[in-house]
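Please look over the sequence and the model below before reading on.

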Amino acid sequence: LDPTVKLVLNNPCLTEFFTSVLALQEPSPCILSFTLRLAGILAASKNCFELLQQEKLLVRLFGRDGPLSNAEWKDASVRSGWLEGVCSMMCHQPALHFICSGGGIDVIFALQGDSSLFVASVASSLLVQMLTLSVASETTEPVSSKDCDWPACAQIIIKHIEDSLRSSSASRIEQSLKLLTILFRNCHATWTKAIWLSIAKQIESFLMEETVQAQPMLVNLLLNVARSPMFCDTNSFWVLVTSALERLNPVQAGPLAVGILKLYQCPQDVSTKALTVLLQPMDCILRAASQPLEYAGLLDESVSDPTTVESLLSSKSSCVTLLCQNLTHLGELLSLVSLPVDLSCSSLLRAVMTILQFCNGFLSPASPLGSTISRILINCFRVQRSALDVLAALAEQKDCESLIVSLFDVLLAYLESPNTNPPVLKKTLQATSEWLLCLLRSYYNQQQQAEKIFEAVFLVLQKRLCSPCWEVRDSSLEFITDLTEHLRGYDVFMQLLLSSEVPRLIENLLEDPEGYVRASAVTAFGQLAFINGSASQSPVAENQYNKENIVAKLQEILSRDPEVFPRRAAISFFNEWLRGVHTGQLEDTEQFVSRVIQTVEHDLDWEVRLGGLELIKVFCGYTICQLGPPECPFAPVSSAVAGSIHQNESLQVFCRAKLFGFLFRSLCDCDKPVAEKACSILLILRASLYPTDTLKGSQETGNTPAEHSIAWLQRTLRQGSLAKNLPTDGCNGVDFQDPESMMLALVTVDLKELHDELNKSSDHVEKSPQSLLQDILATVGTIEENEADCY
């Protein structure tokens, strides 16, 4: 039997539930909505659909004599439940015929204009689903635009679309445009081309008539059609797209232009038009900022009338909106792996710099338009943030070296200005970081210029790190961290940094009253250890910021900071450090890891404990590679003789470092990710230290005290988080520092079963039909209290 049919037959209470709800005089809208959804889910099976039809349940639930004619229909949740139920069952032809023949399709048409936007959206999606099902299940040959070639249900829907588009009602036009947008987004079948041919003239007329209400939807529709492979070689469609780019105003055409430029199958001339749409406001900015005889625009010709752009830039509200939108689109374009069209990045960079100079009042344009724009943009944070994002993206592009000096003048002006608000300063620091990296990597002949810029940046940072605003201190620390991560190998940078006041100020911020700042200071301070670790010949390598002092300082923070963010940052640094530049003796590393682990295992924050487990994992790999075979890490030993020696050495190191106590206690951690991580590490250790054949036949005999305690450990671990803390003393105590006991624990405890149990999600219980049915039955008698449980 069909599983759904079997479920219904084995649980007659389901059909009794439907019948009892239908018998209620005034059913709760919430319960009625749930009933409709549940019936639709069951009716998705063709066999169960027929079974429910025989019981005459579906016609009473979804037909004209059901909720449609009741007072409950006024409740949006009931209308939504009805639509969702129909959506669920719309998987086969019988359901399609049932809805169409029973007048349900007229109900869906009406719900397209529902007062609830959610209901209206589902109605449009449902019509697309029905149209797709109708054509797919009832058509054997490719259809044309003639009515007689379409199946009956498809004809009804297509006629509804065409009639709505020709109507004088703006709401009906919008409904059909939304429906078509969903259709071309979700379906790329051949027959969609026939639908487009039947409506293309009407769409074109909307562009000619400049129907303002419909234009945003026209943009979405055209983009979805353009993304369909059915139209990549249709010339008439691209002519329409070009017309839209020319006729829509720049604010409306922007989303269409950037969407077109992301398509690789777009014709070159259309891409050029789309790029021109995005560059036209930038071109206008450059013109407005130039002297009359120093024209330096971006474009030779415009797509739309330049006076339209000038008019938008002359109004405060439209100027900010247009520039923010255009800058966002240009940022999206620059993020593409390869640009579909040639873009003059140097001219664009000049335009963005001009906008930033308008915003901070450092530019005095000669033209009237420039003066107007300058007054509008002064201290406009929205435009500043958008422009700085584009500025950072341009660092990845070529041919901008001629503007490097001017660019850093603009960035330093923002960094130094007291009027730069914290979010804008953060963006400025991010852009500065990108361009400093670009300067060092790409323009080797500007080394002297780079030194001057770094000196100026460090001077500004010294002020910013002392700012009374915590966001400014935090952003400055993040900037330093980002630079040091990328520039560890550049001696000029390292010497300038370590000889400045910046390291001392970072250390001071380890005591900052704001926890977020202390966390950022921990990360930035830790980076100094990486710099000293890689700068062996640096004249400042022996100063107070050597790696030993830094590690000791951060260990202190890990043990005593009252907030979790600094402690998380500290354990994160220790992981990165041990994985990266740390090259100390194994004995020193063992002592370091042991101290950190003994601190971390008592931390109340689960992410700190998780970081401690990651440190154990890194240390185990490091140790086994030092003592084990060269093909390590974490590979089963190939030689039994050599393996036994190395196993004992590694095991002794792990026991002395007190790792096993933390690992086995973590198996009972109330935070599941911690327990999962600990179990994974123990499994890796077992596979690394002991060949597979040593695990065969291991049993809990309990003949020796060690075996007795391990058997107790196995039973305790099965309790999971209910076991709380594992005791280490008394008759059942396990000695986690005894290599023999730990060897026995690794080969005896069923870690695989424990790992499977920890990884098992509760979804297999909560999401089954049987569980849902149990939830429904559990609400009997207590509906008001447990109504939500049914969902």
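The model is a predicted one, and in it the protein has 41 helices and zero strands. Of its 791 residues, 52% are buried.

**Overall make-up**

- Among the contacts that join residues at least 6 apart in sequence, 70% are between residues at least 24 apart.
- The accessible surface of the protein comes to about 35,800 Å², and carbon and sulfur atoms account for 51% of that area.

**Nonpolar core**

- The largest nonpolar core holds 271 residues, and the residues with the most contacts inside it are Trp 82, Trp 196, Ile 260, Leu 391, Trp 435 and Phe 660.
- The helix that gives the most to this core is α16 (residues 268–289), which contributes twelve residues.

**Helix α6 and its cover**

- Helix α6 spans residues 76–89, and its 14 residues reach 20 Å from the first C-alpha to the last, close to the 20 Å expected at 1.5 Å a residue.
- This helix is mostly covered, with ten of its 14 residues buried; these are Val 78, Arg 79, Ser 80, Gly 81, Trp 82, Leu 83, Gly 85, Val 86, Cys 87 and Met 89.
- The cover over the buried residues of α6 includes α3 (29–43), α4 (46–54), α5 (57–62), α7 (93–101), α8 (104–111) and α9 (117–138).

**Salt bridges**

- Side chains of opposite charge can pair when their charged atoms come close, and the count for this protein comes to 25 salt bridges.
- The side chains of Arg 473 and Asp 512 meet in one of these, at 2.9 Å from N to O. Because Arg 473 lies in helix α25 (residues 470–486) and Asp 512 in the loop between α27 (502–508) and α28 (515–534), the pair ties together parts that are 39 residues apart in sequence.
- Arg 473 has a relative accessibility of 9% and so counts as buried, and Asp 512, at 6%, counts as buried too.
- Arg 609 forms a salt bridge with Asp 669, with the closest N and O atoms 2.8 Å apart. Arg 609 belongs to helix α32 (residues 606–627) and Asp 669 to the loop between α34 (659–666) and α35 (672–689), so this pair ties together parts that are 60 residues apart in sequence.
- Both Arg 609 and Asp 669 are buried.
- An α-helix has 3.6 residues a turn, so residues three or four places apart point the same way.
- Arg 560, with a relative accessible area of 41%, is partly exposed, and Glu 556, at 36% relative accessibility, counts as partly exposed as well.

Terms used: Residues numbered from 1 in each chain as written. Predicted model: local features only at pLDDT ≥ 70, side-chain atom pairs only at ≥ 80, totals over all residues. Heavy atoms only, no water. Helix = DSSP H or I, 4+ residues; strand = E, 2+ residues; numbered from the N terminus. Expected span 1.5 Å × (residues − 1). Buried < 20%, exposed > 50% of the residue type's maximum accessible area, 1.4 Å probe, protein only. Contact = heavy atoms within 4.5 Å. Areas by Shrake-Rupley, 256 points an atom, 1.4 Å probe, with all protein chains shown as cover. Salt bridge = Lys/Arg side-chain N within 4 Å of Asp/Glu carboxyl O. Core = buried A, V, L, I, M, F, W, Y, C linked by side-chain atoms within 4.5 Å.
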